[in-house]
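I opened the model today and went through it residue by residue. These are my notes, in the order in which I looked things up.

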Amino acid sequence: MANYRDPKLKVFTCNSNPALAKEIVDHIGLPMGNAQVVHFSDGEVQIKLNESVRGADVFVIQSTCAPVNEHVMELLVMVDALKRASAKSINVVMPYYGYARQDRKARARDPITAKLVANLIETAGAHRVITMDLHATQIQGFFDIPVDHLLGVPILAKHFIEKKLEDIVVVSPDHGGVTRARKLAERLEAPIAIIDKRRPEPNVAEVMNIVGNIEGRTAIIIDDIIDTAGTITLAANALMEAGAKAVYACCTHPVLSGPAIERIQNSSIKELIVTNTIPLGSEKQIDKIKVLSVAPIIGEAIIRVHEELSVSKLFD
């Protein structure tokens with residue numbers, strides 16, 4: 001643990017992921033900012049800042065995971081409290097950016113909720129956003145303030161390199177994730193394959209065919225979000241049927257809602273590697289799931305932003 005002494009750097013957290021926030025401040029070597037996020041009996045959010053933030057660079061850690069709307073509201077009220085308490089800069093650290101899947105009009109009369117959330121964060125008074133593995137990278141352009149986009153691939157790749165797996169092929173579960181798969185494949189010096197699938201409606205996946213050679217190889221499926229785990233488990237079963245030796249899966253954001261845990265437990269996935277951008281409740285902690293921490297990379301990003309150094313150097 002570093003010991004970072006700078007009274008002008010303060011880190012606060014709301015209620016979405018206090019364990020990750022604690023890891024981040026421990027990595028930096030700072031005490032956690034003294035604030036309370038409480039609720040009135042009707043559910044209204046109230047923030048109490050118990051220390052001065054005047055003239056400070058403040059970082060607020062909050063993933064917008066379930067309950068999503070409550071966590072979004074906590075973040076907005078916290079930012080407003082900091083603005084009114086004369087913080088010099090308010091930096092929103094969102095390891096997981098909720099609503100990111102609603103980033104375009106897929107059908108007539110659809111909202112673009114990822115843009116709405118960006119507007120809300122800006123209007124509340126944030127000066128910068130630090131986030132990780134956005135569902136669509138163009139969401140950075142929904143903000144008119146700087147966005148530092150951190151990558152989960154280096155953390156996932158390091159894990160697989162240490163496992164010393166042989167004959168790897170990195171698999172993208174759809175066409176949209178090819179860039180992500182290629183980044184992992186480059187780090188593992190492996191070829192890639194793509195699963196060509198149709199999705200008749202949201203949260204319903206249908207595997208069609210596999211593009212690339214996977215026979216006799218160890219397949220690693222990579223995605224940014226695993227929600228109901230329908231796509232990933234269907235993909236794993238299709239890969240095994242097509243002759244893969246073993247199937248691993250990894251993602252940055254383990255949303256894991258609904259039947260996800262049961263599906264993963266009963267699937268042909270040998271191990272699922274996730275990060276702690278979203279906290280996993282005890283009911284989701286099964287032997288097949290391994291959690292890696294993003295605290296060091298977020299901690300380093302916070303120090304670099306505060307000291308006005310390059311954040312992209314983290315990924316060189």
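I started at Ala66, which sits in the loop between β4 and α2. Helices here are DSSP runs of H or I with at least four residues, strands are runs of E with at least two, and both are numbered from the N terminus. I note that this is a predicted model, in which local features need pLDDT of at least 70, side-chain atom pairs count only at pLDDT 80 or more, and totals for chains, interfaces and linings use all residues. Residues are numbered from 1 along each chain as its sequence is written, and side-chain values use heavy atoms, with hydrogens and water left out.

Is Ala66 buried or exposed? I found it exposed, with a relative accessible area of 64%. The cut-offs are under 20% relative accessible area for buried, over 50% for exposed, and partly exposed in between, with a 1.4 Å probe and protein chains only. I then checked the peptide bond from Ala66 to Pro67: it is cis, with omega near -10°. Pro67 is also placed in the loop between β4 and α2. I took one distance from Ala66.

**Helix α2 against helix α3**

Next I looked at α2 (residues 68-84) and α3 (residues 113-124). They pack at an angle of about 20°, and their axes are 8 Å apart. The axes are lines fitted to C-alpha atoms, for helices over the stretch in contact, and angles run from 0 to 180 degrees between N-to-C directions. I therefore logged α2 and α3 as roughly parallel to each other. That label needs an angle under 35 degrees; over 145 is roughly antiparallel, 65 to 115 roughly perpendicular, and the rest oblique.

Which residues of α2 meet α3? I listed Leu75, Leu76, Val79, Asp80 and Lys83 from α2, facing Leu120, Ile121, Thr123 and Ala124 from α3. Contact means heavy atoms within 4.5 Å. By class, I counted 6 nonpolar, 1 polar and 2 charged residues. Nonpolar covers Ala, Val, Leu, Ile, Met, Phe, Trp, Tyr, Cys and Pro; charged covers Asp, Glu, Lys and Arg; polar is the others, Gly among them.

I moved to α1 (residues 18-28). Leu20, Ala21, Ile24, Val25 and Ile28 are buried there. Seen down the axis of α1, these buried residues fall within an arc of 135°, so they line one face of the helix. The arc is that of the directions from the helix axis to the C-beta atoms. I kept the general rule beside this: an α-helix has 3.6 residues a turn, so residues three or four places apart point the same way. The cover over the buried residues of α1 includes β1 (9-13), β4 (57-61) and α8 (295-306). Just after α1, I found Gly29 with a positive phi of about 95°.

In strand β1 I picked Phe12. Phe12 is buried at 0% relative accessibility. Phe12 and Phe59 are 47 residues apart in sequence, yet 6.2 Å apart in space, C-alpha to C-alpha.

In α5 (residues 178-188), I noted Val178, Arg180, Ala181, Leu184, Ala185 and Leu188 as buried. They cover an arc of only 160° around the axis, which puts them on the same side of α5. Thr179 and Glu186 are exposed on the other side.

Then I looked up Ile220, in strand β11 (residues 218-226). Ile220 is buried, with a relative accessible area of 0%. Leaving out residues up to four places away in sequence, Ile220 touches Phe160, Leu165, Ile168, Val169, Val170, Val171, Leu184, Leu188, Tyr248 and Cys250.

**Positive phi elsewhere**

Asp133 has a positive phi of about 40° although it is not a glycine. I found Asp133 buried, with a relative accessible area of 7%. Glu308 has phi near 60°, but counts as exposed at 73% relative accessibility.

**Domains**

Last, I noted domain 1 (9-150) and domain 2 (153-292). The bounds come from an automatic or database domain assignment. Their C-alpha centres lie 28 Å apart, and 13 residues of domain 1 are in contact with 13 residues of domain 2.
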